[in-house]
Structure formats: C-alpha cells, structure tokens
Amino acid sequence: MFRGPAGLNGLNILTNEVEARAWIGEALAPTPEQWGRLERFAAMLVEENTQQNLVAASTIPTIWARHIADSAQLLAFDKDGEGLWIDLGSGPGLPGVVVAILSERPMLLVESRRRRCDFLRAVTAELGLAHVEVAEARLETLDTRAAATISARAFAPLDRLLDLSARFSTESTRWLLPKGRNAVKELALLPPAWQTLFHVEQSRTDVDSQILVGTGRIGSKKRGKR
Ligand SMILES: C[S@@+](CC[C@H](N)C(=O)[O-])C[C@H]1O[C@@H](n2cnc3c(N)ncnc32)[C@H](O)[C@@H]1O
C-alpha cells in the first residue's frame, strides 16, 4: 500500500495524506473515538496556526504526514511502554498530544510559552484528555520526576537536550528523539557512554530524517559515566 521512497532498512516513506492516515490505521488501529480526537486536534491546530505560529504554514496541507503521523510513529517504538511520558518543548502538542490521544499513558507536556500552553490546555479540555498535564515552565525549573519515556521534537541540539533532561531519566527510560537530517552527526558528538544508549531508526515521514531511540539513564557528562 505504501509506495513512497525507501529509507534506511528499506522502510517505505509516507508521502501523502492518504498514506499517512492509512499507516496510522494499520500500525496503531485507533478506535473511532481516537480517530475523532485526531481529526479535532488537527482542525484546532490549523485554526490556531492563524493566530500564533505553531507549525510552518507550508506544512498545513500535509498536516497528517508532517505532524500527526510524524508524532504517532514514536508510539511504534514504545509499544509496551507504561508509566509517565514526558514531552519536552511540546509546542502545540507535537508529539505529546498525538501520543496522548492514541494511548492511555500519563503524559506531561513541558512548554515554556504561555500562548502555546493556553492552546494545549484548550486542546486537552476539548478532547477530554484527563491523563495529560501541561507544565507551563522552562524544563530547567521543573521538579524532577522519573520518566518512563522522554520525547522531544525540534526542542534543542542533542547534547543540550540530554544535559537538560538527564535528571528525569532512569535505567529504563525510553528516549524517542526525532532528529531530522543530523541525527547521526549529533549522536557522534556525544560522550561515548551516552552514545551507546542509542540507535538510529528511519523516520516514516521523511526519507532524510531519522529518530534516535534509546534506553537508559543519562549520567554526568563531566565524569563520563552513565
Ligand atoms: C521548535 S518548537 C517545537 C515544538 C514541537 N515539539 C514541534 O515539534 O512542533 C520548540 C518548543 O520548545 C519550547 N522550549 C524551548 N526551550 C524550552 C525550555 N527550556 N523549556 C520548555 N520549553 C522550551 C519552545 O517554546 C517551543 O514551543
């Protein structure tokens, strides 16, 4: 069914809205209620994007491929996960809100900008996502909590992202970090003890993009220890 170009490991890339929706249906089998919430979230995002700059306007015509499926694909790397999922720099809820629609995982959306948090609160209220908490704060000021999963899309360079979020990680934390074209380069710049936690997965939505998937605790960089 999916005829897009082949990426890493021969994985076919989703190239249009029809394929993006079909892949979500096939891989994640949303219930009718979840489909409805995805549709409503997409509509709210399009509407709010006329009020504040949430996603590039050029990506709106392909919102299902570029944002909804791009976010949803992270769940496929954490199928059996449970416990707190923290989404760093969530912006309009990408990937956090999409994941929260498709799973029961308790979700903490960390976002420092008030208007974006207003949107996140409006979305979670409208969609009835009681398992989602919005933290309107800079990550640096947030109380430490153990995260079962940490995601971050377009949040910060990898080294800084890990520095800022290390204290939320445990030996079993799952890291899901879409990193675009620079995934391999950014990984190579990490201290060796951190590099070993990660491997590279092909993004379903962009032949040139990759996702860093990892498991484990990020320890002190200075001591070079895990
Ligand atoms: C480029 S946007 C990406 C948003 C979303 N993850 C996406 O992929 O569309 C980065 C977001 O991180 C937020 N942010 C940046 N630094 C932050 C920090 N230290 N703590 C919390 N949020 C932060 C910004 O306000 C912004 O909404």
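Is arginine 153 buried or exposed? Arginine 153 is buried, because 22 other C-beta atoms lie within 10 Å; a residue is called buried if 20 or more other C-beta atoms lie within 10 Å of its own, exposed if 12 or fewer, and partly exposed in between, with C-beta atoms placed from the backbone.

Two conventions apply throughout. Residues are numbered from 1 along each chain as its sequence is written. The model is predicted: local features need pLDDT of at least 70, side-chain atom pairs count only at pLDDT 80 or more, and totals for chains, interfaces and linings use all residues.

**The whole protein**

The protein has 8 helices and 7 strands; helices (H or I, at least four residues) and strands (E, at least two) are DSSP runs, numbered from the N terminus. Along the principal axes, the C-alpha atoms fill a box of roughly 50 × 40 × 30 Å. The radius of gyration is 17 Å, which agrees with the value near 17 Å for a compact globule of 226 residues; this radius is taken over C-alpha atoms, and the globule rule is 2.2 Å times the number of residues to the power 0.38. Of the 226 residues, 42% count as buried. Among contacts between residues at least 6 apart in sequence, 64% join residues at least 24 apart; two residues are in contact if their C-beta atoms, placed from the backbone, lie within 7 Å.

**The ligand and its shell**

Select the ligand next. It is surrounded by 16 residues, and the closest are Gly89, Gly91, Ser112, Leu139 and Arg153; a residue belongs to this shell if its C-beta atom, placed from the backbone, lies within 6 Å of the molecule. By class, the shell holds 6 nonpolar, 4 polar and 6 charged residues. In this scheme Ala, Val, Leu, Ile, Met, Phe, Trp, Tyr, Cys and Pro count as nonpolar, Asp, Glu, Lys and Arg as charged, and the others, Gly among them, as polar.

An unreviewed UniProt entry places the feature "binding site" at Gly89, Leu94, Leu139, Glu140 and Arg153. UniProt positions are in the numbering used here, feature names are shortened, and annotations may be inferred rather than shown by experiment.

**Two annotated loop residues**

Return to arginine 153, in the loop between strand 4 (149-152) and helix 6 (158-165). Not counting residues up to four places away in sequence, arginine 153 touches Leu94, Pro95 and Pro178.

Leucine 94 counts as buried because it has 25 C-beta neighbours inside 10 Å. Leaving aside neighbours within four places in sequence, leucine 94 is in contact with His67, Ser71 and Arg153.

Inspect the backbone here: a cis peptide bond joins leucine 94 and proline 95, with omega about 5°. Most residues other than glycine have a negative phi, and most peptide bonds are trans.

**Two positive phi angles**

Alanine 154, also in the loop between strand 4 and helix 6, has a positive phi of about 55° although it is not a glycine. Alanine 154 counts as exposed because it has 11 C-beta neighbours inside 10 Å. Now select alanine 29, in the loop between helix 1 (17-28) and helix 2 (32-48). Its phi is near 40°, a positive value in a residue other than glycine, and with 9 C-beta neighbours inside 10 Å alanine 29 counts as exposed.

**Strands**

Select strand 2 (residues 107-111): 5 of the 5 residues are buried, so strand 2 is largely enclosed by the rest of the structure. Met107, Leu109 and Glu111 point one way, and Leu108 and Val110 the other way. Strand 1 runs parallel to strand 2 and is joined to it by 4 bridges; two strands pair if DSSP finds at least two bridges between them. Within this pair, aspartate 87 stands opposite leucine 109.

Move to strand 5 (residues 174-180), where 6 of the 7 residues are buried, so this strand too is largely enclosed by the rest of the structure. Strand 4 and strand 5 pair in the parallel sense over 3 bridges, and isoleucine 150 stands opposite tryptophan 175 in strand 5.

Select glutamate 186 in helix 7 (residues 183-188). Glutamate 186 is buried, with 20 other C-beta atoms within 10 Å. Not counting residues up to four places away in sequence, glutamate 186 touches Pro157, Leu158 and Lys179. Glutamate 186 and aspartate 159 are 27 residues apart in sequence and 7.5 Å apart in space, C-alpha to C-alpha.
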